[in-house]
Structures are given as C-alpha cells and as structure tokens.
Amino acid sequence: MYETTYHRASSVSEAADLLKKAEDGKFLAGGQTLIPTMKQRLAAPSDLIDLRQIKELQGIEKQSDGSIRIGAAMSHADVAGNEDVKVTLPGLASLAERIGDPHVRHMGTIGGSIANNDPAADYPAALVALGATVETNQSTYAAEDFFTGMFDTALGEEEIVTAVVIPPAEKSSYAKFPNPASRYAMAGVFVAKGANGIRVAVTGAGQDGVFRVEDMENALTANWSADAVASISVSPEDLITDMHGSAEYRANLVTVMAKRAVGSCR
C-alpha cells in the first residue's frame, strides 16, 4: 500500500471540503473495495476521507408515508437486522443478510456499495426494483437514473450519497446465484410489487450493470406466479462472459433466479 493521509470527517460539508483540497482524495465508507485495491497498489489516493462517523449519514427511519430512509453509512448488518426493514421490505432485509461474510456485512455500507456500483453488487437490483430514491449532498436521483453503467453512477466529483429512501412494497424478494468464492452475484434477481406496479431487476449478469426485464414484469402483472416467468429468457447478447460463467449460462440463471424470487416472495 502506498502512503496516504487519513481524515475522519465530522460532517458532510467537511468531507466535501477535504476532498476539494486533496490532490487525489477518495471517500472511504466501508472500505470493502477501496482498501483491498490499495493493498494491491492498484489505487494510490493522496487522502482518504472517512465518512462512517458522520451523524448525518446514520440511522434507519420509517417515515410517515411508510417509506424507509436508510442513512448511507448504515452497514449491511444494520439493514438486515432492522425491524422496520424486515416488516416493510423483507426482500431487502434478506438481500443484506446474504452479502459477503460477517466481516463484510458489519463493515460494508449501503452508501459505499451503491456509490461503487460494482456490476455484481446486490443493492442496485433492490433499489431499481423497489423504485427507490438516492439522496446526496447536492441532489436527489431515482435509482434507475443513479446507476449509469459498470462502476459508474450519476455522482459528481464532490457529491456524497447521504441516504436512500425506499417506498413500501406489497411484496418483495431477492434470489441470487453467488460466486462460491466471493459471494458476489453471478446473477441476482429482485422482484417487487408496489405502488409503481411490478418490477424485476437483475444484477451480476449485465455488462452495464443492473437492468430490468420488462417481459417478466408484464407476465407477472397478468399472473403473479413462478410459472409466469419460467419460460421467459433474456438475451445473452449484453451479458457478462468471464472465467466463472458464459453469457448463455448467466441468461439461464436469470430465469432460474426469477422463478425462485417469485416463489419465495412475501
């Protein structure tokens, strides 16, 4: 690891100022991606600005309209264990409970995960399917507008994710086929039924990250059952092929995971 200067920010505005003054600064949330990358000397930020202790980024709150607001610094374990999340968004609680291993779940944060937007990360599928909103220190984005491509988001240079706000869902569930080593999704499917209708979002399989499957959404609107999506396949054309599986393999996994998600939905 190369030498770096560590800062613990006490507010969002202080964090933004520290980044502006740094030669090549990086925000540090859970550090589950950035720190290993630095250890391998693939990244060498001049300054690390730690966001985890900022009070503005803390807390999980059920709002008056029934939506759940989750502070960006909340860990995956916090999300998985929160009673309001379990009751209102059981699919999200189940998703968070299966991220990585206990160390990752207690150190990794929802804000850090979505800001990094790894194409195999779990949260993007949930936020898109649930019609979530991403709040930052400068703006507010619909989840579908926030995730713009592989490892790419709508965030500006000094923009910080402060919270995600997720409307209640009548039904929600997530099923993924994890890589046996990393536990990242080779294909993960989140299904949700809420005020915005039925949405099916996929992570882990697409070359551009999270995407929706409208054919499955239409089928589930007509007939909410696992059988409704059993015969629907996605094209492998824009899916990932790597050492772990071909695009055709992942296309099949999407259908299988969609069936499982619908079958376990509550």
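Q: Which residue lies over the face of Trp 224, and at what distance from the ring centre?

A: A charge sits over a ring if NZ of Lys or CZ of Arg is within 6 Å of the ring centre and within 35 degrees of the ring normal. Here Lys 193 lies over the face of Trp 224, 6.0 Å from the ring centre. Arg 41 lies over the face of Tyr 2 in turn, at 4.4 Å from the ring centre. This is a predicted model, where local features need pLDDT of at least 70 and side-chain atom pairs count only at pLDDT 80 or more, while totals for chains, interfaces and linings use all residues. Residues are numbered from 1 along each chain as its sequence is written, and side-chain values use heavy atoms, leaving out hydrogens and water.

Q: How many aromatic pairs does a search of the whole structure find?

A: Rings of Phe, Tyr and Trp (its six-membered ring) pair if their centres lie within 6.5 Å; planes under 30 degrees apart are stacked, over 60 edge-to-face, and the rest tilted. The search of the whole structure finds four such pairs. One of them is Phe 146 with Phe 147, edge-to-face at 5.1 Å centre to centre with 85° between the planes. Phe 146 and Phe 147 are both buried (under 20% relative accessible area; exposed is over 50%, partly exposed in between, with a 1.4 Å probe and protein chains only). Together with Tyr 141, Phe 146 and Phe 147 form one aromatic cluster.

Q: Which parts does the pair of Phe 177 and Tyr 249 tie together?

A: Helices (H or I, at least four residues) and strands (E, at least two) are DSSP runs, numbered from the N terminus. Phe 177 and Tyr 249 are an edge-to-face pair, 6.4 Å centre to centre with 90° between the planes. Phe 177 is in strand β11 (residues 169-178) and Tyr 249 in helix α12 (residues 247-263), so the pair ties together parts 72 residues apart in sequence. Phe 177 is partly exposed at 28% relative accessibility, and Tyr 249 is partly exposed at 34%.

Q: What is the strand order in the open sheet of three strands?

A: Two strands pair if DSSP finds at least two bridges between them. The order is β1-β3-β2, with parallel pairing. β1 (5-8) and β2 are the edge strands, each pairing on one side only. Strand β2 (residues 25-28) meets strand β3 (residues 47-50) over four bridges, and Phe 27 has Ile 49 in β3 as its bridge partner.

Q: Which helix makes a right-handed β-α-β unit with β2 and β3?

A: A crossover is right-handed if, with the strands pointing away from the viewer, the path from the first strand over the helix to the second runs clockwise. In this model the helix is α2 (residues 34-39), between β2 and β3.

Q: Is Val 79 buried or exposed?

A: Val 79, in helix α3 (residues 76-81), is buried at 0% relative accessibility. Leaving aside neighbours within four places in sequence, the contacts of Val 79 (heavy atoms within 4.5 Å) include Ile 60, Leu 92, Ala 93, Ala 96 and Tyr 123. Leu 92, Ala 93 and Ala 96 are among the buried residues of α5. Helix α5 (residues 90-97) is mostly covered, with six of its eight residues buried.
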